[in-house]
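Try each task before reading its solution.

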Amino acid sequence: MSRNTAKRRARVGVARLRGLIAGLLTLLTVAAASACTTAAERPRVVVTTNILGDITREVVGAEADITVLMKPDADPHSFGLSAVQAAELERADLVVCNGLGLEENVLRHVDAARASGVATLTVGDAVDPLTFHASDDGGPADAAGQADPHFWTDPDRVRKATGLIADQVIEHVDGVDATAIRANADRYDAELADLTAWMEKSFDRIPEDDRALVTNHHVFGYLADRFGFRVIGAVVPSGTTLASPSSADLKSLTEAMEDAGVRTVFADSSQPTRLAEVLRTELDDRVRVVRLYSESLTAKGGGADTYLRMMRANTTAMTDGLTGA
């Protein structure tokens, strides 16, 4: 073979190799673009609180991606968003929020997303919200007459929320299977009905005269209304954890507890129990402080990592705390 022939064959081989590499790169580019397009087209629901996040996941299932902004064990009144999280709201197909002033540092971002055209469901507005009672009825003086945002402590209102979330997902989130969404909602509704029946049976163990609640702050108004409890007062006399009690507030509360014969205080798990512990001194160490999971789910395995587990744990703690079990 001549030297020229060998060179020609070498050039042909190199050209063919370059063609194969170019073809492979083209295929990889097309595949990557296809994957990016598929990911971009995946329907997306953004939820502000982790309690609503769990409920929304039960309804949506695998039909859409769910992003929950509030981390486990956080305080909904004080958590904030990063720039990345704020951007998530404006890229969503649907935003689900609690509203009624609960997510105090987040709702302005929800409003901005709504103004930009993002479909938004404010669940609290749509589940027949209660208002805080006047202060002489044990309610928060700073919020008397305002809507109470803690509707999830009544599982019947969560049943209504479940149906509303299903409706809004089907209406606003393209590409979901409406039949699957309805089936998920119906299944979860049945589980919530079972929860309500179980809570009623558990609370039946508490004598009517002993169904009196003192909490870290005012969070159980809906539960009290649904299951026949009296709210004596709260260590933080407010509908938000961002307030602080005065010495006069504590004196008023201890007097109310003395009059009602109450010796148990239920403290929110997302807040320190320091304020509740103050009552031990005020009432000569005759107060029992019981922790509840009232405003946030825990991390997985933490005892209240789903709404259903949270409500069952709280019901057991409240029943045991008020019966001396």
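A nonpolar core is a set of buried Ala, Val, Leu, Ile, Met, Phe, Trp, Tyr and Cys residues joined through side-chain atoms within 4.5 Å; buried means under 20% relative accessible area with a 1.4 Å probe, protein chains only. This is a predicted model, where local features need pLDDT of at least 70, side-chain atom pairs count only at pLDDT 80 or more, and totals for chains, interfaces and linings use all residues. Residues are numbered from 1 along each chain as its sequence is written, and side-chain values use heavy atoms, without hydrogens and water.

**Exercise 1.** Find which members of the largest nonpolar core touch the most other members.

*Solution.* Start with the 53 residues of this core. Phe151, Leu223, Phe229 and Tyr307 touch the most other members. Next, take Tyr307. Contact means heavy atoms within 4.5 Å. Leaving out residues up to four places away in sequence, Tyr307 touches Ile51, Trp152, Tyr188 and Leu297, among others.

**Exercise 2.** Decide where the model calls for caution.

*Solution.* pLDDT is the predictor's confidence in each residue, from 0 to 100. The protein averages 83, and 74% of the residues score at least 70. Where pLDDT is low, the predicted coordinates should not be read in detail.

**Exercise 3.** State which helix gives the most to the lining of the largest cavity.

*Solution.* Helix H10, residues 307-323, gives 4 residues. Helices are DSSP runs (H or I, at least four residues), numbered from the N terminus.

Notes: Buried means under 20% relative accessible area, exposed over 50%, partly exposed in between (1.4 Å probe, protein chains only). Helices (H or I, at least four residues) and strands (E, at least two) are DSSP runs, numbered from the N terminus.
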